[in-house]
Amino acid sequence: MIVKNLQGERFFINVQPIDSWTYEILGEDLMSPFFILYKCPLEIEFETYDLALSQAIRKFQELC
């Protein structure tokens, strides 16, 4: 899991294997521990951890 700190808020990139590699971007919230900022659709599959992580970082940069 990668943690990014942006203007005092923390964001987490969680890359995990389900059928193949997938990712989600989570943010810290005051009301709950985390909220899902973006979840990769299950139809999109990555062959390796590194490919999923690089796509997650690109998506995070788009969102911020």
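Trainee: How many residues sit between β2 and β3 in their hairpin?
Mentor: In this predicted model, strands β2 and β3 form a hairpin with three residues between them.

Trainee: And how many bridges join β2 to β3, and do they run parallel or antiparallel?
Mentor: Strand β2, which covers residues 9-17, is joined to β3 by seven bridges, and the two strands run antiparallel.

Trainee: Which residue in β3 stands opposite Q16?
Mentor: That is T22, which faces Q16 across the pairing.

Trainee: OK, what about β3 and β4, how many bridges there?
Mentor: Strand β4, residues 34-39, pairs with β3 over five bridges, again in the antiparallel sense, and these two strands also form a hairpin, in this case with five residues between them. Within that pairing, G27 stands opposite F35 in β4.

Trainee: Is β3 itself mostly covered or uncovered?
Mentor: Strand β3, spanning residues 21-28, is mostly covered, since six of its eight residues are buried.

Trainee: Switching topic, which residues make up the largest nonpolar core?
Mentor: The largest nonpolar core has 11 residues in all, namely F11, I13, V15, Y23, I25, C40, F46, A52, L53, A56 and F60.

Note on methods: Residues numbered from 1 in each chain as written. Predicted model: local features only at pLDDT ≥ 70, side-chain atom pairs only at ≥ 80, totals over all residues. Heavy atoms only, no water. Buried < 20%, exposed > 50% of the residue type's maximum accessible area, 1.4 Å probe, protein only. Helix = DSSP H or I, 4+ residues; strand = E, 2+ residues; numbered from the N terminus. Pairing = 2+ DSSP bridges. Core = buried A, V, L, I, M, F, W, Y, C linked by side-chain atoms within 4.5 Å.
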